[in-house]
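Please view the sequence and the model side by side.

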Amino acid sequence: MIRAVIVDVDDTLCLTQAAALALENEVLAEMGRPPIPPHVHLSTWGAPLLDAMPIRSPGLDLVRFTTLHQRALERHIADGRLDVIPPENLRALDEFVLSGRAVFLLTSRTEDEIRHMLAPDHVLATRVSGVYHAGNTRFRKPDPRAFDELLTSTGLPPTQCVYVGDSPGDALAAGGAGLHFIGCLQSRIRTPADFDPRYVDAFVDAFPDIVDAVRQLDPVTPVSGG
């Protein structure tokens, strides 16, 4: 039985690549630097921000960028320009919770980048049982050990968990850890051909479709508290 649905954040739970590019270019403009070419941003998408920025903007002062980026991040979130979770995605999470499955987030974001989603008044607060990020895990995807803390703290067997993500690295990490994997292609950044089929149980074109995809993996109706 699938007991836990683990969800990636960026371009899975919410579409963020284009919004992140706009945010980073706003900060670079403030620093008097040229914008990041879209193809360069796409080629480094999924990497930790401070690992990607020297490629996106060679010679960048990372210390100053980090300070300005945090301020801009807060503005974009407050203005509803970043990390907007569509109602239909929230309803999908609700279906999992009502069926007795636990929902977790696992992301390569830092704690500062995910902090607003951890707030007790956030829309995810009553839906998500735990959030695993760069601040409370030792390893980053595509390393399969990215799931170590989650699996240890919950005691869940990997075979009873499914990870939902948008990148080949997500699939590699999940498959290496023994989890099921569903590829969410809603961002249109990637296609099934980008993934190693050995690590993918299903693809969906829109996030809400993961509800049916999980049912296909687990046709037995789960029992709450089981």
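The notes below cover the basis of the model, then the helix, then the cysteines.

## Basis

This is a predicted model, in which local features need pLDDT of at least 70, side-chain atom pairs count only at pLDDT 80 or more, and totals for chains, interfaces and linings use all residues. Residues are numbered from 1 along each chain as its sequence is written, and side-chain values use heavy atoms, leaving out hydrogens and water.

## Helix 5

Helices (H or I, at least four residues) and strands (E, at least two) are DSSP runs, numbered from the N terminus. Helix 5 spans residues 87–98, 12 residues in total. From first C-alpha to last it reaches 16 Å, close to the 16 Å expected at 1.5 Å a residue. That expected span is 1.5 Å times one less than the number of residues.

Its buried residues (under 20% relative accessible area, 1.4 Å probe, protein chains only) are Asn-89, Leu-90, Ala-92, Leu-93 and Phe-96. They cover an arc of only 155° around the axis, so they sit on the same side of helix 5. The arc is taken from the directions from the helix axis to the C-beta atoms. Pro-87 and Leu-98, on the other side, are exposed (over 50%; partly exposed lies in between).

The buried residues pack against strand 1 (4–7), strand 2 (102–106) and helix 9 (210–217). Contact means heavy atoms within 4.5 Å. Just after helix 5, Gly-100 takes a positive phi of about 95°.

## Cysteines

The structure holds zero disulfides (pairs of cysteine sulfur atoms within 2.5 Å). For Cys-161, the nearest cysteine sulfur is that of Cys-184, 19 Å away. Cys-161 is buried, at 0% relative accessible area.

For Cys-184, the nearest cysteine sulfur is that of Cys-14, 11 Å away. Cys-184 is buried too, at 1%.
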